[in-house]
Every structure is written in structure tokens, then in C-alpha cells.
Amino acid sequence: MEKVFVSPMTYRQGENVLWNHLEDILAFGQKGLIVTDGFVYQMLGERLYQKLTKLGGEMFVWVIEEDRPSETFDYIVALGGGRAIDLGKALAFESNASCIVVPTSAATDAPTSRISVKYHNGYFEKYSYYAKSPDLVLIDTAILINSPVHFLTAGIADGLSTSIEARTVRENSGVNTLGAAPTLAAEAIAEKCREVLLEFAEEAVEANEKHIITPAFEAVVEANTLLSGIGFESGGLSIAHALHNAMVSLWGNEIKGSHGQIIALTTLQQLRIEGREEELARYQTLFEKLALPNFYEELSIFPAAEELKKVTELAFSPEDGILRSHSPATKTNVYKNLLTFRKTREI
């Protein structure tokens, strides 16, 4: 089987990196569109629009709560959180425009990937895969240090799932998100992601709480975004993301938690399903320290046994990670282990 490795064309990270590299954005053409939400537009988007316009750019804004524009653009700037990034990437890739991603938190590894996720009214629908990766990713830690801590911890959980899922793909000769075998480079990057997060997660959270950019904070931001992004895309996804997608397909907005917070729970579930109890205990302890979920109830979900059977069935979709990773997990084993993540039981 052939191996495939992908990554963004350019990745820049550092304090004030957005404002120091506006010319890099304008180098992609004359006509640009900023894709963002209403809150981020007021916080950053309007300033970015004004600065790029002053430097000669012909700029437009799509606030995602409004209708999607029908015009074409030379480049798209996806500015904000997960939804703005997904919609901005999708618009750029579908219209063959250059794609620039500027996240406002380190909550996920979406900024570097050529994948966008489609939801409908809060329910997971599908992944969309594109033929190219973002052209430029700008990670401004002066912006991220002021983001709420729960975004950083969600990204840590998402990042820690990367090596666990990539390992399952590798050990079972599965395929990555590109439908190919993972490279040694992807394996090494996924492992480095895990190493950085286990070493620096708690220090980075403390720095975030104090709004002080430290080497630990920078390291965790890079792990959450670049290392995890390359690691999951080229290394592959498995049980944890399949269970996440199944949960969001079934419960949608009933789940009171972000992508990374849900992944925290499903990562623990993957470790138990695979019988890695010692590793599971270590992650449970860390997640408790970081106020990440260990049980369904911490996501305001109180699942009946029949609902967990449905989650199990959904997780075995041929389009999702359990089957693509060639995991030996069975539906019976998955269901049995999901039951252990309920604090409450039916009477």
C-alpha cells in the first residue's frame, strides 16, 4: 500500500504573528474574503479588515450567521473557532481560492488539515475531504493567550487522542484520512505531540490562566495545532473519533461540551476497549486535573443502555475510524465498555 503525508504549505506561530505578516496574506491576490462569526468580527475581524484594506487589499467579510456570498475571491481568511475555520476552508477549497487559517484558540487541530466537518443543527453529518491543504496558517499566541482555558484543555484532549488513534492504525495496517498507509514521519509527529502534551499541559494551562506566554504555552499550542493536525490527518483516526461522531450524530446539541471535551471521554473509552488499563489510569488522572470529562454525565448526557447500543452501531460506519483503522474491536466489546462510563445506571 502506498504511503501519503500532507501538511499546510506554511505554518507560522508566535506573538503578534498575525499583524507582523499581513503582507503574506495580501501576497495571495487582490480580492480577499474574511470568514468569521459575529463575536470574533468585533474582537479581531474588523481590525484585520481595516488593516488589509489600508495596505491595498480589496476586502470583503462573511459573518457566518449571515448568507454565504456568491462572488469568487483570490483568497479566503478563515478567522475564529471551529465552525468559521470549517466553513472558510470549505469555501476556499471548493472555489479553488487560496486558504489562510487564523484560529483564535488552540481548541482543535482543524487549522492545518484539508478536511472540514459538516454539521446540521448541531448533529454530525460527514467529513468533507479536499485535494489541497491550507496555504498559510497563522497562530498568533498573543491572541490565544487571552482565550478561555477550557479551549486550551479541549485542544490538549484532542491532541492526546492523536497518537492513540494513529497507533491503532499503524498496529493494524489501517489507512489514514487520505486512504493510504501512514508514513514514519506521521508516526513520529504523533508521538512528539503526545510527549509534549504530557510534559507541558499543566504548565501551559497555568500560563493561560495568568495570561503569560511561556515556552510551555507555545509548545502546547504547537502540539495542539500543528503536531496533532499533521498527526491525525496523515497518521489516521480510529475508535475515539468514531465514537465522537456517533455521539454527535445521536445527541447533537444535547451534549454540553466542545469537540475536544467529547474526545477526552472517547479517548478514555478507546483505551479501555483496547485493554490499555495502565495508560487509561494515567489519562484519567490528567483529565481530572484539567477538568475534562471522564463520564457521560459530565457532558450532561445520561445514556440508557439502548442509546449506547445505537452509538456503537453508528461508530461502525464504513466511513469512520474503527473500520478504516482495521481495529479488531467488536461491537459487543465496544458496547460493553461504553456502559462502564456511566456514573448512573437504570434501576
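## Arg-167 and Glu-279

In this predicted model, Arg-167 pairs with Glu-279 in a salt bridge (a side-chain nitrogen of Lys or Arg within 4 Å of a carboxyl oxygen of Asp or Glu), and their closest N and O atoms sit 3.1 Å apart. The pair ties together distant parts of the chain: Arg-167 belongs to helix α6 (residues 149-171) and Glu-279 to helix α11 (residues 277-289), 112 residues apart. Helices here are DSSP runs of H or I, at least four residues, numbered from the N terminus.

Arg-167 counts as buried, at 14% relative accessibility. The cut-offs are under 20% relative accessible area for buried, over 50% for exposed, and partly exposed in between (1.4 Å probe, protein chains only).

## Two more pairs

Lys-132 and Asp-135 also meet through their side chains, with 2.8 Å from N to O in the salt bridge. Lys-132 is partly exposed at 25%, while Asp-135 is buried at 13%.

Then there's Glu-306 with Lys-309, a salt bridge at 3.3 Å between the closest N and O atoms. Both residues lie in helix α12 (residues 305-315), 3 residues apart, or about one turn of the helix. Glu-306 is exposed at 53% relative accessibility, and Lys-309 is partly exposed at 38%.

## The wider picture

Glu-171, Glu-274 and Arg-276 are joined in a salt-bridge network. Searching the whole structure turns up 15 salt bridges.

## Ground rules

Local features need pLDDT of at least 70 and side-chain atom pairs count only at pLDDT 80 or more, while totals for chains, interfaces and linings use all residues. Numbering runs from 1 along each chain as its sequence is written, and side-chain values use heavy atoms, with hydrogens and water left out.

Key
Helix = DSSP H or I, 4+ residues; strand = E, 2+ residues; numbered from the N terminus.
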